[in-house]
Amino acid sequence: MSFLKINNLSVNYIMRKETVFAAQNVQFDVSKGEILGLVGESGSGKSTVGNAIINLIDEPGKISEGSIFIDNIDIYRDPKTIKTLRGKKIGIIFQDPQTSLNPLLTVGEQLIETIQTHLNLNNGDARRKAINLLEEVGITDAENRFDNYPHQFSGGMRQRVVISLALCCEPELLIADEPTTALDVSIQSQILELIKNLTKKRNLAVILITHDMGVIAETTDRVAVMKKGILVEIGPTKEVLGNPKAEYTKSLVSSVPPTNKKINRFNVINKIDNQVNLKILNRWKKKELIDQNLIEVKNLKKSFHDGIFSESSSKDVIAVDNVSFNIKEGESFGLVGESGSGKSTIAKMIVNLFKPTSGEIYFDKVCINKIRDKNVMLKFRRQIQMIFQDPYSSLNSRMKVYDIIAEPIRLHNTLIKDHELKDYINNLLESVELTKKSAERYPHEFSGGQRQRISIARALATQPRLLVCDEPTSALDVSIQAQILNLLKDLQEQLNLTILFISHDLPVVRQMCDRIAVLRYGKLCEISDTENLFLNPSNSYTKELLDLMPKIESIYETR
Amino acid sequence: MLVVAFVSFSLFTFVGDPINNMVGEETSEKERAELRVTLGLNDAIPVQFVRFIKNASKGEFGISYQLRRPVSELITERLPATLELVFVSAVIALVAGILLGVYTGINRDSFTSNIILGVSLLGVSLPTFVIGILLIYLFSVILGILPSFGRGEVVDLGFWKTGFLTLSGLKAIILPSITLSLFQMTYIIRLVRAEMMEILQTDYIKFARARGISENKIQYRHALKNGLIPVITIAGINIGTLVAFSIITETVFQWPGMGFLFIQAVKFVDIPIMSAYLVFIAFIFVMINFIVDILYYFIDPRIRIKGTE
Amino acid sequence: MQNQNLSFINKIIDSDIFFSFKKSPTAIISSLILVIIFFCSFFVEIIAPYNPFDPSSLSLMDAFTPPSWSEGGTRNFLLGTDGQGRDMLSTILYGSRISLIVGFSAILFSLILGVALGLTAGYFGGRYEMFVMRITDVQLTIPSILMALLVDGIARGIISRELHDQMAIYVLIFAIGISEWPQFARVSRAATLVEKNKDYVSASTIIGVSNLMIMLRHILPNILRPILVIGTIGLALAIIAESTLSFLGVGVPPTTPSLGTLIRIGNDFLFSGEWWITFFPAIFLVLLAFSINLLGDWMRDTLNPKLK
């Protein structure tokens with residue numbers, strides 16, 4: 001018996017230059033007691049569908065056709081209906097718990113307000129109900145925390161508060177829009193457990209919107225795959241993920257990094273030819289690999305003054321605490337950890353964006369963090385380059401791609417002639433699978449994946465020996481991620497690059513790295529060869545991380 | 001505060017020779033020398049500075065060059081006039097500004113909103129003195145219902161002479177206060193509007209709507225409360241600006257306040273008045289900032305209570 | 001080369017900014033008005049029917065002529081004459097030139113000073129930033145009028161009277177400029193802080209680009225938008241400030257009257273019925289300020305990505 005029925009739903013955004021068809025003839029239903037996953041990459045329309053159910057589509061979007069039935073009531077026939085349903089029959093939670101709560105009202109006040117909007121309870125009863133709810137979502141000491149403000153809760157706790165707010169008036173349908181994307185892996189699994197439990201306990205119909213296949217595999221009963229507004233495939237999760245029928249679903253599933261084995265390259269179905277044309281090899285002075293340590297990090301420590309929030313006694317935040325490791329030339333070394341682990345800080349010290357508080361970093365046997373001479377430093381800068389996580393802020397939007405890539409070349413090679421420069425830049429672009437014409441365009445004309453390619457081209461321009469990759473694919477769709485990771489692997493092999501790969505995503509690191517170091521709160525927990533780490537972890541934190549990470553292979557396990 | 005005191009003091013000592021400014025051409029060298037000794041101008045600079053501060057905290061600022069009266073006397077005479085004017089203008093600007101700002105922020109594209117915005121833009125483009133002249137022309141010359149200068153009759157309450165308690169006093173304050181408040185009011189309207197519009201786009205407003213909370217409650221309880229925080233700072237600065245702009249208004253309406261005094265002082269390079277005015281203004285600003293900080297502390301719980309992070 | 005120029009123009013025409021410009025009647029009208037005003041002031045010697053500063057062309061017989069459409073007016077003096085027989089239209093045009101020159105120069109001075117200090121403060125941080133920001137904060141609590149008055153007053157005390165009259169315009173530009181720079185500094189610093197945290201700045205640092213180059217080539221072009229908005233509105237404020245100071249009698253010397261001076265002079269005749277002497281300069285001033293504000297407002301709305 002379906003509780004929610006979506007019939008032939010289409011949502012359009014009519015804009016200046018074009019009309020965007022965010023959702024086209026979408027059809028599915030959800031029953032009580034089941035979790036339906038709505039999965040897709042960016043622009044798939046999954047969030048749009050979620051917003052359409054409670055009629056909170058951002059302007060200038062409009063539902064152009066179709067209908068939505070909740071408990072057999074057509075909610076759009078009478079515009080007033082949806083307003084009464086919000087909160088009462090339908091609850092929704094959004095991605096970012098930090099911005100979802102009003103910072104000026106206590107958690108209790110926000111709960112009571114919602115409760116009293118829909119249920120006819122006096123203050124005392126409402127308060128009791130609210131406290132019970134907080135306990136139900138797992139907030140200890142609920143009686144006291146009732147009077148706390150949102151900023152007094154940690155990220156995971158805040159999301160629990162958000163869930164309690166969505167459920168406080170006993171809705172029968174819950175829409176969760178990327179509820180765990182902003183949270184750490186360990187917190188993520190707790191929140192997903194909570195949602196599963198609540199579904200069973202309250203017999204909810206749940207729509208879980210996400211882009212993470214692992215989450216889908218572990219949490220949902222059925223899944224609907226969307227691409228560019230169209231529902232591509234729908235069915236029980238085990239079937240759709242284990243035996244996908246649609247082409248798109250197949251390519252999507254194959255792009256997901258496997259958690260249980262190491263593969264050579266990702267199987268990207270759309271690619272025209274699998275041969276990478278590295279034109280720059282013509283000019284690349286490829287160094288022969290010697291078996292030595294390219295990078296040696298000794299007792300590295302970095303602390304920040306947290307002077308903003310504390311007053312007299314400035315609290316020192318120790319971001320990196322006595323970390324030591326080596327990276328062999330030609331190898332791919334991974335730094336893994338959750339937020340606050342210090343992995344980014346270490347990377348930034350290796351590329352000399354920060355100076356360490358104490359400790360040494362050796363590059364090719366020279367201590368680079370103590371160099372004072374600018375010219376000497378410049379020599380080292382050309383050998384160490386970096387690519388970043390956010391494709392949108394890593395390129396200067398006011399500069400043409402040509403100038404962006406030319407900048408490092410011109411700086412280190414002042415005598416280069418114009419036509420030589422042009423040739424070299426074209427070679428670089430082709431090596432990252434972009435056309436020559438890209439050089440004349442501006443960053444905003446490219447997609448996220450293409451921008452990362454430009455960043456890679458820029459990083460390679462000075463022929464570095466070490467390439468630091470700081471979460472380079474975390475902000476990209478899974479299919480694009482596969483392409484970029486393949487590219488990085490190709491480049492490493494052909495150019496004898498040494499790579500320092502930083503990520504929080506364990507399956508990705510497994511595919512990309514030879515050795516891995518696990519960090520937690522600035523301390524080193526474990527260093528080991530990749531396969532050894534995954535099959536035989538010695539540290540308890542590592543074990544915990546491996547246990548909790550969402551695995552797409554879980555569809556084969558019994559629940 | 002100290003910085004301002006120092007600036008005032010430097011004005012005093014370094015800008016022109018005080019003696020030359022004070023006495024006429026005819027005074028003999030001997031008399032000038034005697035004056036120097038009496039005024040302590042021959043002492044070392046730091047000593048003079050300390051004396052300046054001591055005197056300042058006692059309220060003594062020396063004698064006006066031009067008017068030959070003690071500055072502190074002049075100030076206490078004129079202060080009530082300026083303060084009353086500023087008070088009324090501040091109330092008008094804040095109340096009207098916040099109300100209209102909220103209205104235009106919530107009803108973004110309505111016809112009334114656009115009219116209000118158009119008028120407010122005009123208000124920012126009208127220099128205060130033009131408004132003053134216009135109002136005088138309209139109400140005094142053509143319609144003849146309101147006085148065009150002066151303060152009307154005042155009631156002496158001992159140290160404070162107030163114009164609030166007489167009819168002519170109240171009549172007299174209408175035009176100048178409207179003039180003074182107009183510029184600030186338009187500024188506040190635009191600011192509050194921008195704040196409201198930005199807040200209504202935030203996630204927590206969206207979440208509140210998704211929970212079914214009524215639009216009214218959202219606007220007044222959630223949005224407004226958050227929107228008022230930056231307005232408080234601005235309101236504080238505004239009062240300071242009003243005090244400054246009163247200079248202009250007082251000139252146009254010949255309102256006998258401190259601003260008028262200051263303009264004369266600038267024209268005639270009357271240093272003691274200038275430095276005294278500076279010190280007073282600085283004091284008022286420091287007080288306002290202090291009050292604003294305290295208000296912030298009470299309104300924003302993030303400042304009051306330390307969070308976890 | 002031809003192709004490059006054409007494509008540049010095409011890019012402007014095709015851009016979002018031009019599109020909303022075309023669509024917004026206020027933007028078009030206000031720019032049109034401004035262009036006309038600038039044009040007139042620039043070529044005032046050719047356009048103005050009379051030169052009001054040439055004593056030989058004045059005759060007291062013409063004094064107090066009302067505007068041409070009212071009783072007693074003539075076609076010779078379109079907007080009437082003042083107490084000395086000077087044609088109102090001409091004096092207004094000359095006056096607006098002064099107002100524009102002072103306003104522009106002052107705001108340009110402010111802009112350069114403010115952006116230089118704000119950008120470097122935001123980029124380098126540390127004690128330097130704290131120092132610059134303290135000064136900005138302190139000065140921001142002092143209203144600009146007061147600041148300008150103060151600077152002017154000090155100048156008068158330091159320089160002798162005759163020299164002061166000669167230098168009055170420069171002093172005025174300096175005074176108004178000094179009073180407005182904190183706004184630019186504050187905005188530049190805030191924008192710089194945002195840009196500094198973006199990865200492309202880190203990328204350039206890693207490449208080895210010098211700090212100066214990063215500030216000029218990367219950060220500056222990206223913070224221009226909000227500065228432009230503040231600049232436009234600041235221009236209006238500067239013009240108003242100048243006219244206010246001139247009105248109060250501490251602005252430009254009477255020999256080169258600006259719109260503010262004209263209004264002051266006209267004010268004396270208001271009660272005796274010669275309303276046009278103060279009215280027309282006032283309208284002109286308001287028109288000027290209003291057009292600038294309209295343009296600035298439109299700019300702020302189009303350049304702000306947040307308010308959709």
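Two residues are taken to be in contact if their C-beta atoms, placed from the backbone, lie within 7 Å. The model is predicted: local features need pLDDT of at least 70, side-chain atom pairs count only at pLDDT 80 or more, and totals for chains, interfaces and linings use all residues. Residues are numbered from 1 along each chain as its sequence is written, and chains are lettered from A and ligands numbered from 1 in the order in which they are written.

Chain B touches chain A. Here 26 residues of chain A are in contact with 20 residues of chain B. On the chain A side, the elements giving two or more residues are α3 (97-100) and α4 (107-118). Helices (H or I, at least four residues) and strands (E, at least two) are DSSP runs, numbered from the N terminus. The most comes from α4(A), with 4 residues. By class, this side of chain A holds 11 nonpolar, 10 polar and 5 charged residues. Ala, Val, Leu, Ile, Met, Phe, Trp, Tyr, Cys and Pro count as nonpolar, Asp, Glu, Lys and Arg as charged, and the others, Gly among them, as polar.

Chain B also touches chain C. In this interface, 35 residues of chain C are in contact with 35 residues of chain B. Two or more residues of the chain C side come from each of α6 (126-141), α7 (144-158), α10 (211-248), α11 (259-267) and α12 (276-303). That side divides into 22 nonpolar, 9 polar and 4 charged residues.

Helix α12(C) also packs on α3 (residues 25-42) of chain C, at an angle of about 135 degrees and with the axes 9 Å apart. Axes are lines fitted to C-alpha atoms, for helices over the stretch in contact, and angles run from 0 to 180 degrees between N-to-C directions. The two helices α3(C) and α12(C) are therefore oblique to each other. Angles under 35 degrees count as roughly parallel, over 145 as roughly antiparallel, 65 to 115 as roughly perpendicular and the rest as oblique. From α3(C), the contacting residues include Ile33(C), Leu34(C) and Ile37(C); those of α12(C) include Leu294(C), Leu295(C) and Trp298(C). This contact comprises 10 nonpolar, 4 polar and no charged residues.

In chain A, Cys168(A) lies in the loop between α7 (155-167) and β7 (173-177). Cys168(A) is buried, with 27 other C-beta atoms within 10 Å (buried, 20 or more; exposed, 12 or fewer; partly exposed, in between). Beyond its neighbours within four places in sequence, Cys168(A) contacts Leu111(A), Thr114(A), Ile115(A), Ala130(A) and Leu133(A). Cys367(A) is 199 residues from Cys168(A) in sequence and 59 Å from it in space, C-alpha to C-alpha.
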